[in-house]
Amino acid sequence: MTAWKVSHVIFRLTAPIHIGCGKSGNLQRTYPFVTGRVFWGALTARITRNNPEALQQHGHRAYQLIGEQIHREIAYTYFYPAVKSSVGFEVRWPWEDDFNARHIRTYASTALAYPEQQAEEASLHETEYLSPVTCDTVKQVYLRGYVFVKESSTLEWQKALGQLQFGGERCYGWGDVETILNDDQTTTSELFDGQARFVDGDFPVVELSDPSEGHLLAHTEANCCQAHGQTEPLVGREWRSDNDVNRYAGQHIAFNAFCFKPGSTVASLPCQFQIGKYGIWKTKSPH
């Protein structure tokens, strides 16, 4: 049995965050949480850049090698918005009725056609983002989640946590976060104040058992459980410089899975899910 260390991690948002999830008209939509894929990408980039020896030895392949090592040695939940309350950091779940009004804003912009000194035709667009403060009470917003690390791991992931940047528009300063909590959780197996429970084993497993909740807290492969909610394919653009074709930034299209969205409700409890690559939940492996 592999022993996994559980770390409770909280980031403070210091800038807007945009996690792209499609386009509607001229609106670039955002997920209202940090997905596992985005967390993995940010962690991979930072650990690799902090390792000049690997870059010197392997060149651009160092990103791929370290990314694969993270898949083997680290698992994680999605990271959800939270605000401080009298009992700690209270998660604001995106499926709550007033979530969008309190946490999601938009930013309008356009490209410029410099010779004409005017806006470029058909370039006006709006970008949704998770606000670093609540829209109604102007409270600071945090991101709360959990990281599961094999005890044998040699990855310097804790150092990288303090240097992460999530999502799109990063060249404009978006996506900056500050780590304010990274505590080993040894006294309880509960996650998100009892919404789920961590089960140690060869693979990291989460269990849902509270009949009053029963919400999926990550994208979950649709063929592995009975649930009620919306489904979507997880598709993303990648930079695969070792490909023969489509080898430049954003040209490679990667399909991960067809999933229930977070917030979908499970038909019967209790149930267990294995945390797979990119934090996606799937059927628990037999052994």
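This is a predicted model: local features need pLDDT of at least 70, side-chain atom pairs count only at pLDDT 80 or more; totals for chains, interfaces and linings use all residues.
Biologist: Are Cys-259 and Cys-271 called buried or exposed, and what makes them so?

Modeller: Buried means under 20% relative accessible area. Cys-259 has 0% relative accessibility, so Cys-259 counts as buried. Cys-271 has 15%, which is under the limit, so Cys-271 is buried as well.

Biologist: How many aromatic pairs are there, and why is the pair of Phe-11 and Phe-79 called tilted?

Modeller: The count is 20 aromatic pairs. For Phe-11 and Phe-79 the ring centres are 5.5 Å apart, and the limit for a pair is 6.5 Å, so the two rings pair. Their planes stand at 50°. Under 30 degrees would be stacked and over 60 edge-to-face, so this pair is tilted.

Biologist: What makes you say that Phe-11 and Phe-79 link distant parts of the chain?

Modeller: Phe-11 lies in strand E1, residues 4–13. Phe-79 lies in the loop between strand E4 (74–76) and strand E5 (80–85), and the two residues are 68 residues apart. Phe-11 is at 0% relative accessibility and counts as buried; Phe-79 is buried too, with a relative accessible area of 0%.

Biologist: Why is the pair of Tyr-31 and Phe-33 called stacked?

Modeller: The ring centres of Tyr-31 and Phe-33 are 5.3 Å apart and the planes are at 25°. That angle is under 30 degrees, so the pair counts as stacked. Tyr-31 is buried at 14%, and Phe-33 is buried at 5%. Ring pairs join Tyr-31 and Phe-33 into a cluster with Tyr-78, Tyr-80, Trp-93, Trp-95, Tyr-146 and Phe-192.

Biologist: How do you know that the charged end of Arg-37 sits over the ring of Tyr-278?

Modeller: The charged end of Arg-37 is 4.7 Å from the centre of that ring. The distance limit is 6 Å, and there is also a limit on direction, within 35 degrees of the ring normal. The contact is counted as a charge over a ring.

Biologist: Why is strand E11 called largely enclosed?

Modeller: Strand E11 spans residues 142–150, and eight of its nine residues are buried, so the rest of the structure largely encloses the strand.

Biologist: Which strands pair with E11, and in what sense?

Modeller: E1 pairs with E11 in the antiparallel sense over nine bridges, with Val-9 partnered by Gly-145. E4 is antiparallel to E11 over three bridges, and there Ala-75 stands opposite Phe-148. E5 is also antiparallel to E11, over three bridges, with Pro-81 opposite Leu-143.

Biologist: Which residues have the most contacts inside the largest nonpolar core?

Modeller: That core has 68 residues, and those with the most contacts inside it are Phe-11, Phe-39, Leu-143 and Phe-166. Leaving aside residues up to four places away in sequence, Phe-39 touches, among others, Phe-11, Phe-79, Val-147 and Phe-166.

Methods:
Residues are numbered from 1 along each chain as its sequence is written. Side-chain values use heavy atoms; hydrogens and water are left out. Buried means under 20% relative accessible area, exposed over 50%, partly exposed in between (1.4 Å probe, protein chains only). Rings of Phe, Tyr and Trp (its six-membered ring) pair if their centres lie within 6.5 Å; planes under 30 degrees apart count as stacked, over 60 as edge-to-face and the rest as tilted. Helices (H or I, at least four residues) and strands (E, at least two) are DSSP runs, numbered from the N terminus. Two strands pair if DSSP finds at least two bridges between them. A nonpolar core is a set of buried Ala, Val, Leu, Ile, Met, Phe, Trp, Tyr and Cys residues joined through side-chain atoms within 4.5 Å. Contact means heavy atoms within 4.5 Å.
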